[in-house]
Amino acid sequence: MVERMKSSSNLVEIHQIADYEYYQFEAKLLKYVKEVELNIQRIKETCDVSTVTPLPDIPEFSNRFMNLYWRIINNQPITSSEIEVSDFECFICTEEMASDQKTLQCEKCKKVTHHECASKWLKINRSCPNCREKMLDPEEFPNLSQ
Ligand SMILES: [Zn+2]
Ligand SMILES: [Zn+2]
C-alpha cells in the first residue's frame with residue numbers, strides 16, 4: 001500500500017509521509033504481534049485465561065494518510081498546503097505545538113517537531129523526517145548529538 005502510494009506520486013513530501021506512516025505502522029504491528037504471542041504463551045503455560053493482558057489497539061493507518069492515499073490512487077490533485085505544514089505545527093503529527101511543549105528542531109532544514117514525536121521517529125530512523133539529515137534524540141544521546 002505504501003509502495004503503491006509512492007509509485008503513484010512524484011512528490012517528495014508524499015514519499016516522506018508514506019515512509020513515516022509505514023514505520024509507525026510496522027512498529028505498532030510488531031508490538032501487537034508480540035503481545036498476542038505473549039498471551040498465547042501464558043495460556044499454554046497456565047491454562048488460565050485470566051492471565052491474559054488486554055491487547056494494544058489494532059494498528060491502523062492515520063486518517064490523514066488514508067485521505068491522501070485515496071486521493072493519490074484516484075489521481076486527484078493534492079495541493080501543496082495539504083502536505084506542507086506551517087511552522088506552528090509539528091512536522092510529524094501535524095498538530096499545533098503549544099509553547100509549553102518540548103520541541104526539537106532540525107539543524108539543517110529547521111523543521112520543528114514535538115520532542116515526543118521526534119523521539120519516536122528517531123528511535124527508528126535516526127535522521128530528520130523532512131530532510132533526512134542525520135539526527136539523534138538529544139535526550140537519548142546527549143553527547144553524540146552535540
Ligand atoms: Zn507532534
Ligand atoms: Zn531536517
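Here is a short walk through this structure, from its overall outline to one helix.

The model is predicted, so local features need pLDDT of at least 70 and side-chain atom pairs count only at pLDDT 80 or more, while totals for chains, interfaces and linings use all residues. Residues are numbered from 1 along each chain as its sequence is written, and chains are lettered from A and ligands numbered from 1 in the order in which they are written.

Let's begin with the overall outline. The protein chain holds 5 helices and 2 strands, where helices (H or I, at least four residues) and strands (E, at least two) are DSSP runs numbered from the N terminus. Read from the N terminus, the elements go α-α-α-α-β-β-α. Along the principal axes, the C-alpha atoms fill a box of roughly 55 × 45 × 25 Å. Of the 146 residues in the chain, 18% are buried, meaning that 20 or more other C-beta atoms, placed from the backbone, lie within 10 Å of the residue's own.

Now let's turn to helix α5, which spans residues 115-125. Its buried residues are Cys117, Ala118, Trp121 and Leu122. Seen down the axis of α5, these fall within an arc of 125° (taken from the directions from the helix axis to the C-beta atoms), so they line one face of the helix. What do the buried residues of α5 pack against? They pack against α2 (12-46), β1 (103-105) and β2 (112-114), with contact taken as C-beta atoms, placed from the backbone, within 7 Å. After α5 comes Arg126, which has a positive phi near 55°.

Technical notes:
Buried ≥ 20, exposed ≤ 12 C-beta atoms within 10 Å, placed from the backbone. Contact = placed C-beta atoms within 7 Å.
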